[in-house]
Amino acid sequence: MRTFDKLFIGTKWEAPSGTGTIDVISPHSEELVGRVPEATEADVDRAVAAARQAFDRGPWPRMTPQERIAVVQKFTEIYATRLVDMASVITEEMGSPMWFSELAQAPAPWMQLTSFLTIASTYEWEETRTGMLGEQVIVRREPVGVVGVIPPWNVPQFTIMSKLAPALIAGCCLVIKPAPETPLDAFVMAEMLIEAGVPEGVVSILPAGREVGEYIVRHPGVDKISFTGSTAAGRKIGAICGEQLKRVSLELGGKSAAIICDDIDLGAAMEELKFAALMNNGQACIAQTRILASRSRYAEVVDALGTMVGDLKVGDPADRENYIGPLVAKRQQERVEKYIALGQEEGARVVVGGSGRPSGLDKGWYVQPTVFADVSNDMRIAQEEIFGPVLAVIPYDDEEDAIRIANDSEYGLAGSVWTNDAAKGLDIARRMRTGTVAVNRYLMDFFAPFGGFKASGIGREFGREGLEEYLEAKSMIPAF
Ligand code: NAD
């Protein structure tokens with residue numbers, strides 16, 4: 001049981017203004033595993049005041065980028081020593097299978113840090129250009145200000161770090177509101193920020209629900225919002241920011257297509273496809289959950305997926321042998337069950353899985369990993385984000401038809417192509433209207449921009465583009 005009785009306000013542990021608490025319940029045992037204070041609007045006011053003071057008058061934005069890089073470097077070194085604990089905390093609070101926590105949930109934020117440090121070390125914070133009259137123009141990059149950070153619960157450290165690392169290096173101050181399901185990992189990280197010497201006022205961490213989140217979004221002392229979460233919440237947050245002309249980055253939902261070409265060796269592809277489609281119990285914005293298979297090999301693809309998913313071990317996420325753990329909460333279990341029932345009503349065929357608990361698991365928020373065949377792309381199970389281990393296999397006629405189906409989605413976050421022909425893979429990738437396309441695997445690269453086309457978001461994370469989300473461009477045009 002991990003208990004915290006203070007909030008993290010202005011890079012210090014402080015008593016909360018209210019008396020409310022948030023209970024963290026294990027999705028596997030349904031037992032209490034942690035408790036933290038619940039932040040209130042009064043705590044947001046305190047955190048924003050501390051951040052404003054640090055940004056408007058404190059040393060952080062006035063240090064050189066190299067001085068800030070040195071502090072973030074120290075934080076990165078400390079983070080590397082805490083990966084084992086971080087992986088366990090995340091598995092305890094949200095049920096991520098331990099193999100995924102150890103492979104991605106804990107180390108990927110550290111890799112983001114090291115990538116941003118490399119990018120920042122050669123970044124041109126001030127450049128001189130030749131202007132239209134032949135004069136010298138200086139283009140300078142300055143921090144955007146106080147940033148409100150709102151991450152989801154599914155990859156909690158991953159989504160905090162994709163914002164915290166570039167924002168700190170840029171010289172911003174942050175007010176972070178973790179999702180109520182996952183406050184513990186954020187508080188473990190808070191200890192490391194103090195140890196690294198991040199100055200007073202620069203970072204606050206306030207666990208709370210969506211009302212307090214919206215209070216941060218509307219707060220006049222906040223210059224920018226960086227949000228990862230559902231498209232529905234993103235639309236609302238984007239509208240508020242639009243009204244206030246507040247800067248905003250939105251990383252939202254997805255319904256990504258994996259195009260399986262006819263020439264692929266299915267046996268070899270299945271292991272990579274398993275990861276691409278089912279990582280984190282299918283609770284991944286980038287999950288490749290629409291599997292597009294040509295009619296000529298459709299039955300073969302459905303069989304291979306049915307066997308792969310049918311063989312998955314489901315159970316206690318702390319056990320490294322289990323590929324699939326529970327969903328984060330009862331409401332998510334119910335939501336995924338509803339989609340499994342809906343798929344059947346829509347006329348899709350259950351190949352493996354279906355409704356009801358996996359055998360041998362009488363508690364915890366588990367669902368059966370499910371594969372649907374005979375899915376058409378206009379069914380709701382093909383259009384809506386289910387956010388669980390549920391795959392829809394959709395037939396296509398030819399390459400053109402596959403690309404049309406892949407692009408026939410309100411989302412455009414990720415995608416993949418599976419082929420033995422590298423040139424064909426890249427050609428198809430070029431024609432997909434989506435932010436990231438991988439060929440023969442799924443991987444994000446922290447040196448390349450990541451983000452959504454269409455309703456999957458606005459803005460980019462990672463790479464130079466991810467750093468620039470936290471910078472304003474200023475032009476200085478002297479007459480000498
Ligand atoms: P959610 O939108 O319900 O909540 C996300 C966060 O926003 C939480 O901290 C929540 O408390 C807060 N929130 C919700 N409504 C708000 C509002 N109106 N104002 C301010 N804050 C608000 O999403 P979730 O269920 O926690 O996460 C799952 C979603 O996140 C999925 O749609 C998934 O695809 C998406 N996601 C996207 C990415 C990406 O990089 N594009 C990464 C991970 C998850």
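The model is predicted, so local features need pLDDT of at least 70 and side-chain atom pairs count only at pLDDT 80 or more, while totals for chains, interfaces and linings use all residues. Residues are numbered from 1 along each chain as its sequence is written, and side-chain values use heavy atoms, with hydrogens and water left out.

**Stop 1: the ligand**

Select the ligand and its shell. A residue is near a molecule if one of its heavy atoms lies within 4 Å of it. There are 26 residues around the ligand, and Pro151, Ser230, Leu252, Cys285 and Glu385 come nearest. By type, the shell divides into 14 nonpolar, seven polar and five charged residues. Here Ala, Val, Leu, Ile, Met, Phe, Trp, Tyr, Cys and Pro count as nonpolar, Asp, Glu, Lys and Arg as charged, and the others, Gly among them, as polar.

Now colour by secondary structure. Helices (H or I, at least four residues) and strands (E, at least two) are DSSP runs, numbered from the N terminus. Helix H8 (210-218), strand E11 (224-228) and helix H9 (231-244) each supply at least two shell residues. H8 gives the largest share, three residues.

Next, look for N and O atom pairs; a polar contact is such a pair within 3.5 Å, and within protein one atom must be able to donate a hydrogen and the other to accept it, with residues adjacent in sequence counting only if both atoms are side-chain atoms. Start with the side chain of Trp153: one of its N or O atoms is 3.0 Å from an oxygen atom of the ligand. At Leu252, a backbone N or O atom lies 2.8 Å from a ligand nitrogen atom. In the side chain of Glu385, an N or O atom is 2.5 Å from an oxygen atom of the ligand. The protein covers 93% of the 850 Å² of accessible area that the ligand has on its own. Accessible areas come from the Shrake-Rupley method with a 1.4 Å probe; for residues, only the protein chains shown count as cover.

**Stop 2: helix H4**

Select residues 98-105. Is this helix enclosed or open? Six of its eight residues are buried, so H4 is largely enclosed by the rest of the structure. Buried means under 20% relative accessible area, exposed over 50%, partly exposed in between (1.4 Å probe, protein chains only). The buried residues are Met98, Trp99, Phe100, Ser101, Ala104 and Gln105. Show their neighbours: they pack against helices H3 (83-94), H5 (107-121), H6 (156-170) and H10 (266-278).

**Stop 3: strand E17**

Select 390-396. Seven of the seven residues of E17 are buried. In a regular strand the side chains alternate between the two faces of the sheet. Val390, Ala392, Ile394 and Tyr396 point one way, and Leu391, Val393 and Pro395 the other.

E14 and E17 pair in the parallel sense over five bridges; two strands pair if DSSP finds at least two bridges between them. Arg290 stands opposite Ala392. Thr370 has Val390 as its bridge partner.

**Stop 4: Pro369**

Pro369 sits in the loop between E15 (349-352) and E16. Pro369 counts as buried because its relative accessibility is 9%. Beyond its neighbours within four places in sequence, its contacts (heavy atoms within 4.5 Å) include Val309, Leu312 and Pro389.

**Stop 5: Ser416**

Finish in strand E19 (residues 414-418), where Ser416 is placed. Ser416 has 0% relative accessibility and so counts as buried. Its side chain makes a polar contact with the side chain of Trp418 (2.8 Å).
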